[in-house]
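User: I'm new to this structure and would like to learn how to read it. Could you walk me through a few features, one at a time?

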Amino acid sequence: MYLADEAWPDLESYFESESLAIVPLGSTEQHGPHLPEGTDHLIAEGLARAAADRTGYLCTPTINIGVSPHHKQFHGTMWVDAPQFRDYVESFTRNLTYHGIDRVVYVNAHGGNIEHLQEVGRRLYDDETAFAVEWMWDESIPDLVDDLFEHNGPHGGPKETAMIQHLHPDLVHDDRLEEARDTGVLMEEVENAEPDGRRRGMVHGARAFYDAADNTDNGVLGDQTDATAEKGAELFEASCDQLVKLCDWLAAREPEELRPKPHV
């Protein structure tokens, strides 16, 4: 069930019988020369809508812009500052609780959102308003990601490329995959950067960079030529299965299981 498609009288029965909402979140930011700027929110929306279709749980509209200032040097990247992002997510989540939702799965596909969604979940948990968890698709299937790609990369790499090839093949510039690989960097080059190198990674135990442009001229890492739509379909099905299981687990919990334990 997709909330925005429903008339309000037709939502009454859902709120009478269910208390879980699926909220997709991503970003609008550069993903290299080969992928659309909407990569993250397209993946999040695809997974959230599929999980809702398979389970009957409520899916909300997608939050398309996230915390992305670390991609600001590249044309078109949009972002909101972290405090405003947290307050906005907390506000609309509290709105959902007004209608009877007390558990939320944030289907997140942007690394820059992770800590902020977890902070919002903490706030809602502490005052016993709702139990909200942040879920990142690739973190639910790490072994499969490792098995499919020799040189992955956390941003604009083959895993995201494969997912968009599966979901929105018309938005992938397949003729630029070699360019993306050859003008970007492999993750190992960042992790093993020399202290005086042009690229800055972990230096003497410190994370010595803030922006993607500090490490990669074209904004991405990994070997994008290793991506295929078939691998994307495998990733999508495996991660969607994990999301469905998470939603079912959360929906089955008794309310007292989702509240802070009393002081010892």
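User: Let's start with charges: how many salt bridges does a search of the whole structure find?

Analyst: A salt bridge here is a side-chain nitrogen of Lys or Arg within 4 Å of a carboxyl oxygen of Asp or Glu. By that rule, searching the whole structure turns up 13 salt bridges. Before we go on, some ground rules: this is a predicted model, where local features need pLDDT of at least 70 and side-chain atom pairs count only at pLDDT 80 or more, while totals for chains, interfaces and linings use all residues. Residues are numbered from 1 along each chain as its sequence is written, and side-chain values use heavy atoms, with hydrogens and water left out.

User: Which residue meets Arg123 in a salt bridge?

Analyst: Glu119 does, at 3.5 Å from N to O. The general idea first: an α-helix has 3.6 residues a turn, so residues three or four places apart point the same way. In this case, both Arg123 and Glu119 sit in helix H4, four residues apart, which is about one turn of the helix. Helices (H or I, at least four residues) and strands (E, at least two) are DSSP runs, numbered from the N terminus.

User: Where else is there a pair like that, four residues apart in a helix?

Analyst: Look at Lys245 and Asp241 in helix H9, separated by about one helical turn. They form a salt bridge, with the closest N and O atoms 3.3 Å apart. There's also a salt bridge between the side chains of Glu257 and Arg253, at 3.1 Å from N to O.

User: Which residues are linked in a network of salt bridges?

Analyst: That would be Asp87, Glu90, Arg94, Glu119, Arg123 and Asp127.

User: Now accessibility. Is Asp147 buried or exposed?

Analyst: Here's the scale: buried means under 20% relative accessible area, exposed means over 50%, and partly exposed is in between (1.4 Å probe, protein chains only). Asp147, in helix H5 (residues 142-148), has a relative accessible area of 65%, so it is exposed. Lys231 is found in helix H9, and at 18% it counts as buried.

User: What is Lys231 in contact with?

Analyst: Contact means heavy atoms within 4.5 Å. Setting aside neighbours within four places in sequence, Lys231 touches Leu148, Phe149, Ala162 and Asp226.

User: With which side chain does Asp223 make a polar contact?

Analyst: A polar contact is a pair of N or O atoms within 3.5 Å; within protein, one must be able to donate a hydrogen and the other to accept it, and residues adjacent in sequence count only if both atoms are side-chain atoms. The side chain of Asp223 makes one with the side chain of Thr225, at 2.5 Å. Beyond its neighbours within four places in sequence, Asp223 is in contact with residues including His151, Asn152 and Pro158.

User: How do I read a helix's length, say that of H3?

Analyst: The expected span is 1.5 Å times one less than the number of residues. H3 (residues 82-98) has 17 residues and reaches 25 Å from first C-alpha to last, close to the expected 24 Å. The buried residues of H3 pack against strand S1 (20-25), strand S3 (103-108) and helix H4 (114-126). After H3 comes Gly100, with a positive phi near 115°.

User: Finally, which members of the largest nonpolar core touch the most others?

Analyst: A nonpolar core is a set of buried Ala, Val, Leu, Ile, Met, Phe, Trp, Tyr and Cys residues joined through side-chain atoms within 4.5 Å. The largest one has 59 residues, and Ile22, Leu47, Tyr106, Trp137 and Leu235 touch the most other members. Helix H2 (residues 39-55) gives the most to this core, with eight residues.
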